[in-house]
Amino acid sequence: MNNNNDEGCLELLNRLLERLHQADYIHQGSKIEVVYVASGGQHVETQINMGAYPQSLPKGREKGTGNLPEVLATEAAMVLWEKVQRAGYVDDNFQPLISRTQSALLADAMAERLGIREKWKVFEALWNRKNMYRDYYEALNQKKSLEFQDEIKKLSISS
């Protein structure tokens, strides 16, 4: 490969990443590792942090709510998000800053308050997690989780 081909590959990769973003296949925080052999036999590894690319919002999502599904972008939900952000439980992109078990407890409390039936499906998609119901049941058996549930109640998250 010559230098022009290297640049062409990178340009093609950038266009692919932009299209994936437009189609909402890549979420903030995603990473892609690229390994290739550049001209002259140089082995090149690079990691692309997807947070650096602009994220387009699918139709129906309000500005400022990022990738929130509609049930988590309502006015009532935004009041709860503001509370949990101020408490340090989630970041500005609505991603958890707390443990998996605490996140499951938080998701349960928010879903109950907002009347969300398929809470695990909604929060697993938002937080890119699997089996949150297991984290929830594990949390119910931990003493520190009981203390966290009390903190949530003080924030008026759960009913």
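**An aromatic cluster and the nonpolar core**

Trp 120, Tyr 136 and Tyr 137 form one aromatic cluster in this predicted model. The structure holds 5 aromatic pairs. In one of them, the ring centres of Tyr 136 and Tyr 137 are 5.3 Å apart. Their planes meet at 75°, so this pair is edge-to-face; the cut-off for that class is over 60 degrees.

The charged end of Lys 119 sits over the Tyr 136 ring, 5.7 Å from the ring centre. Tyr 136 is also buried: its relative accessible area is 14%, and buried means under 20%.

Tyr 136 belongs to the buried residues of helix H5, together with Met 132, Asp 135 and Ala 139. Viewed down the H5 axis, these buried residues fall within an arc of 100°, so they line one face of the helix. H3, H4 and H6 are among the elements that cover them.

In soluble globular proteins, nonpolar side chains tend to be buried together. Here the largest nonpolar core has 30 residues. Those with the most contacts inside this core are Leu 72, Trp 81, Leu 106, Phe 123, Trp 127 and Ile 157. At least two core residues come from each of H2 (75–86), H3 (100–114), H4 (119–127), H5 (132–139) and H6 (143–154). H3 gives the most, with 7 residues.

Trp 127 illustrates the packing. Beyond its neighbours within four places in sequence, Trp 127 is in contact with Trp 81, Val 90, Phe 94, Gln 95, Pro 96, Ser 103, Leu 106, Ala 107 and Met 132. Met 132 is one of the buried residues of H5.

Key: Residues numbered from 1 in each chain as written. Predicted model: local features only at pLDDT ≥ 70, side-chain atom pairs only at ≥ 80, totals over all residues. Heavy atoms only, no water. Phe/Tyr/Trp six-rings, centres within 6.5 Å; stacked < 30°, edge-to-face > 60°. Buried < 20%, exposed > 50% of the residue type's maximum accessible area, 1.4 Å probe, protein only. Lys NZ or Arg CZ within 6 Å of the ring centre and 35° of its normal. Core = buried A, V, L, I, M, F, W, Y, C linked by side-chain atoms within 4.5 Å. Helix = DSSP H or I, 4+ residues; strand = E, 2+ residues; numbered from the N terminus. Contact = heavy atoms within 4.5 Å. Arc of directions from axis to C-beta.
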